[in-house]
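I opened my notebook for a first look at this structure.

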Amino acid sequence: MEDRFIYTELPVAAMTTAMTTIRTSKSDYHRPQPYHLHRLHQPHLQHVQRVHSPQPQLGLELRELRLDAYHHHALQQQHSLHIQQLLQQQHHHHQAHHQLLRQQAQAQQQVEEEADEQTHVTCLYPEILALIFSYLDVAGKGRAAQVCTSWRDAAYQKSVWRGVEAKMHLRRTNPSLFQSLECRGIRKVQVLSLKKSLRDVVIGVPALTSLNLSGIYNVTDQGLSHAFVTDLPSLTELNLSLCKQLTDTAVGRIAQHVKNLEVLRLEGCSNITNTGLLLVAWGLKRLRRLDLRSCWLISDQGIGHLSGLNPETAEGNLELEYLGLQDCQRLSDDALRHMAQGMKKLRSVNLSFCVGICDAGLRHLARMPQLEAVNLRACDNITDVGVSYLAEGGAKLHQLDVSFCDKITDAALQHISQALYGLRSLSLSACPVTDEGIKRIARELADLDTLNIGQCRHVTDAGLQTVAETCSNLKYIDLYGCTGISRGAMESLMKMPNLATINLGLGHVAVR
């Protein structure tokens, strides 16, 4: 009897108890068959019906299907594992790359930090720090010394304070102050007020080179004599301007103990006489600059002492290069004659407000071979003739000031333009000159860089136009009180290539 089997799938709830009964034709025999879960639960066999399929062949196909599914699953797992390994490798690669970048960044940062440590300002040699600090002002030097110990040590080097002048009030004894000055190598002192002995400064700064007592009204002969009791070979500059109580006695003490003095300023010391100048001529043979402004008691005789006209008494100050005689109204042309005889190295002389100087005296000045600057401001007796003496005498002047000399006219400018070709600075303020004179000097004085024509009311646009066109080296011009000048002339001046300042009276106009 041939059996026929039909395979079906049952719901999950009936899978464990289901029985399939298959009746054959012409038989009532019932044979229960268990439901083969592991054979029939295949999705791809859901609607497949096989007739006359032998049992062994069916099992073989099922096993093959199971093996295919197993291999497929294994391949999926292997693929997933491979992908996972690739991701892990990529992750490890990224981590290694980031770690390498971090190491490189750390190495670079370390190199930069080491470079910064080597190039930081604190790593500079003390000598270099001292060189930098030397360019600071006094307040800056003091602040730099307060930063740290290394800066303090560098700031206290003597090279930092070279040329600095200490300004102080001598009100009480302060030894530590002078110790600090000596430690820093400060050799210049200016006393602003004086209540203690001046000797404290002389003793406290043994290498003193410059002492400024200008305006200290209570300095007396006795105080100065008490300070200068021994020789001071290092002191080369002494300023006693406006110390009105000083007399020839103080000058004698200076000449005795400060023989290396090169600069002496006695402006406003109105008690100094010709005797004081005799003492200067006797003791201060190295003197190069002497300022006697407003020493009203000195006369031609005192200038004779300075010029060494009596060598048996005093050899004179033959090394003088500058002599200031402003407002010494007892001087005459004889003083200029004495100067021409003895002061062969004189380069500059200030005779402003010396009303006793006349044209004849300028003839003597013209014979001085080294003379470069002459100030005749407000010398009322100087005329065009005196200027002609200066020009025709062969003077090699670079600076000439005849401001407020109301007898200087265009004729004087003609003499200047024909002989004083090296003139760089010319002052004609309040002189009655005109455009013609200004045109002459503008065309002939190629080196002129300073021109003062303030209050020259006869100068107009015509003269300034010539100045603008020809004076290419001009740097400064004074036009205060020049009422005949228009805006057009000012615009022409402002186009000059080297002009830096124009003085209009209310203030300097900076062109550049």
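Predicted model: local features only at pLDDT ≥ 70, side-chain atom pairs only at ≥ 80, totals over all residues.

Ile132 is in helix α3, which spans residues 126–133. I noted Ile132 as partly exposed because its relative accessibility is 43%, between the 20% and 50% cut-offs.

Next I went to Lys167. I found it in strand β1, residues 165–170. Is Lys167 buried or exposed? It counts as exposed, because its relative accessibility is 56% and the cut-off for exposed is over 50%. I then asked which residues Lys167 touches, leaving aside neighbours within four places in sequence. I wrote down Gln190 and Leu192. I also checked Asn212, 45 residues from Lys167 along the chain. The C-alpha atoms of the two are separated by 9.1 Å.

Then I turned to helix α16, residues 435–444. I listed its buried residues: Asp435, Gly437, Ile438, Lys439, Ile441 and Ala442. What covers them? The cover includes helices α15 (410–419) and α17 (461–470). It also includes strands β11 (425–427) and β12 (450–452).

Last, I looked at rings. I counted 1 aromatic pair in the structure. I also noted charges over rings. The charged end of Arg289 sits over the ring of Tyr322, 4.3 Å from the ring's centre. Arg363 lies over the face of Tyr389, at 3.9 Å from the ring centre.

Key
Residues numbered from 1 in each chain as written. Heavy atoms only, no water. Helix = DSSP H or I, 4+ residues; strand = E, 2+ residues; numbered from the N terminus. Buried < 20%, exposed > 50% of the residue type's maximum accessible area, 1.4 Å probe, protein only. Contact = heavy atoms within 4.5 Å. Phe/Tyr/Trp six-rings, centres within 6.5 Å; stacked < 30°, edge-to-face > 60°. Lys NZ or Arg CZ within 6 Å of the ring centre and 35° of its normal.
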